[in-house]
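The points below are a colleague's note for someone meeting this structure for the first time. Please read them beside the sequence and the model.

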Amino acid sequence: MHPMVKPALRRGWRDLNTVQFGLAPAHAMVLGPMDTATGSFLALLDGTRGLPLLRDEGRRMGLPDGHVDGLVDRLARSGLLDDATGGGPAADDLRGKPAVLDRLRPDAATLSLVACAPGDAMQLLAARRSLRVQVRGAGRVGAVLASLLSGAGVGEVDVRDVGRVEPWDVTPGGLPAESIGERRDMAARRAARHAAPDRPPRRRRGPQAPADPAEDRPVNRLREEPGHSLVILAPRDGVDVHAPKPGAAEPLIASGTPHLYAGVVEGTGIVGPLVLPGETGCAGCLDQGRADRDETWPRLVTQWRCGRPRQVEACDLALATTVAGLAAGHALAFLDGQLPSSAGARWEVSLPGFDWHARPVWPHPECPCSAAEKGAVGKGNGEHTAKDGEPHETMAGHQRSTRLSRKVHAARPAGTWRAHV
Ligand SMILES: [Zn+2]
């Protein structure tokens, strides 16, 4: 192990014996008491030295025996220490590609803020390379989203859509002007590949993938193609964004594939829900919940779907980019093993105020996804009985994250605490 105090956190001394790591309250930490010699020793924890050399340096600086190991252990338990050589074979492989790693350094530094143990950040970053994500929809949101995931190190980003690139599909970071007239899916896949820091990994085809005679049976046609860590539904049609079709996600529910909704409808951007099949509310739950609250809902949806398709829908460029960015963040958080606040909730933002708020998507007892039976993650503790649309429902996400962060607090060892900055 080559211990390294996480370089992503800036250091500042609050007084002679108390050091603060980090500026922003979300990840800042105060450590103390710490004597001056130990404080000077921190500068040596930069990932260039192994433990034996650090012990020698400690002795030279007059630190008592065992002090260096104690300090390293304390920093590691506080989540402040990384290991410049850790993360396992996949991380070593990534370190062997310095040009690729250089592209991802800010992302690696950010991962070190949420990954606790030394070496975890590089392990997570390297793990992204083996992930497969599918984005369905290559409009202003989907194409940018696919490029973001690819640029953040997700190894395989597949994009599905129909038709050809129209002039109004072109976006910075998404489909380029040169692709107008090309097939949308091909152009978006190429844009995602261009954004990638590395060549895509070689696709390994399992022997069971093609030539399965059972695939011809109707029931199996509904089966989802296996192996996607996440599917993102980013429809270009505003009706599908506002009222996602439950049927479209049935194969995803049946195969247990996590999926995330994102898109723009009129002047509103939507991210969520992230559906963990059988655990959090899905598109079917959302639809049935709306029908319960508003008996005209099914009638309206039918009219919206039957209406003459508009050639060009409203889709503000900045709004679409914001939605793509936030959805990519939620997707990456999930892929990195966290539970983002879109699980069981829809984040919505509207022009011109641009204030994000979350609406819960409760598991519905009559939805075949059966999330309601299993004590869903997105389900509250019985206190939330307000109807959809009332402002205080937006607290559901906050309460969940508060509960999670309380757990994190409880796990922190004595002698460390969150900085109040
Ligand atoms: Zn459901």
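**Notes on the model**

1. Pro 273 has its place in strand β10, and a cis peptide bond, with omega about 0°, joins Gly 272 to this proline. This is a predicted model, in which local features need pLDDT of at least 70 and side-chain atom pairs count only at pLDDT 80 or more, while totals for chains, interfaces and linings use all residues. Residues are numbered from 1 along each chain as its sequence is written. Helices (H or I, at least four residues) and strands (E, at least two) are DSSP runs, numbered from the N terminus.

2. An open sheet of seven strands, with mixed pairing, has the order β7-β6-β8-β9-β10-β11-β12, where two strands pair if DSSP finds at least two bridges between them. Since β7 (156-160) and β12 (357-360) stand at the edges with a single partner strand each, one side of each is left without a neighbour in the sheet. On average, and with direction ignored, neighbouring strands of this sheet are turned by 20° against each other.

3. Within this sheet, strand β8 (residues 230-233) and strand β9 (residues 259-265) run parallel and are joined by three bridges; Val 231 has His 259 in β9 as its bridge partner. Helix α14 (residues 317-335) lies across β8, β9, β10 (268-275) and β11 (345-350), and runs at about 15° to β10. Axes here are lines fitted to C-alpha atoms, for helices over the stretch in contact, and angles run from 0 to 180 degrees between N-to-C directions.

4. The axes of helix α5 (residues 98-114) and helix α6 (residues 120-128) come within 8 Å and cross at roughly 125°, so the two helices are oblique to each other (under 35 degrees is roughly parallel, over 145 roughly antiparallel, 65 to 115 roughly perpendicular, and the rest oblique). Leu 104, Asp 107, Ala 108, Leu 111 and Ser 112 in α5 meet Ala 121, Met 122, Leu 124 and Leu 125 in α6, contact being C-beta atoms, placed from the backbone, within 7 Å. By class, this contact of α5 with α6 has seven nonpolar, one polar and one charged residues, where Ala, Val, Leu, Ile, Met, Phe, Trp, Tyr, Cys and Pro count as nonpolar, Asp, Glu, Lys and Arg as charged, and the others, Gly among them, as polar.

5. Helix α4 (residues 88-95) also packs with α6, at an angle of about 80° and with the axes 8 Å apart, and these two helices are therefore roughly perpendicular to each other. The residues in this contact include Ala 91 and Leu 94 of α4 and Met 122 and Leu 125 of α6.

6. The loop between β11 and β12 deserves a careful look. Pro 352 lies in this loop, and a cis peptide bond with omega about -5° joins Leu 351 to Pro 352. Phe 354 has its place in the loop between β11 and β12 too, and its phi is near 55°, a positive value in a residue other than glycine. Phe 354 counts as exposed because it has 11 C-beta neighbours inside 10 Å (20 or more other C-beta atoms within 10 Å means buried, 12 or fewer exposed, in between partly exposed, with C-beta atoms placed from the backbone).

7. Ser 370, in the loop between β12 and α15 (395-411), likewise has a positive phi, near 65°, and is partly exposed, with 15 other C-beta atoms within 10 Å.

Key
Contact = placed C-beta atoms within 7 Å.
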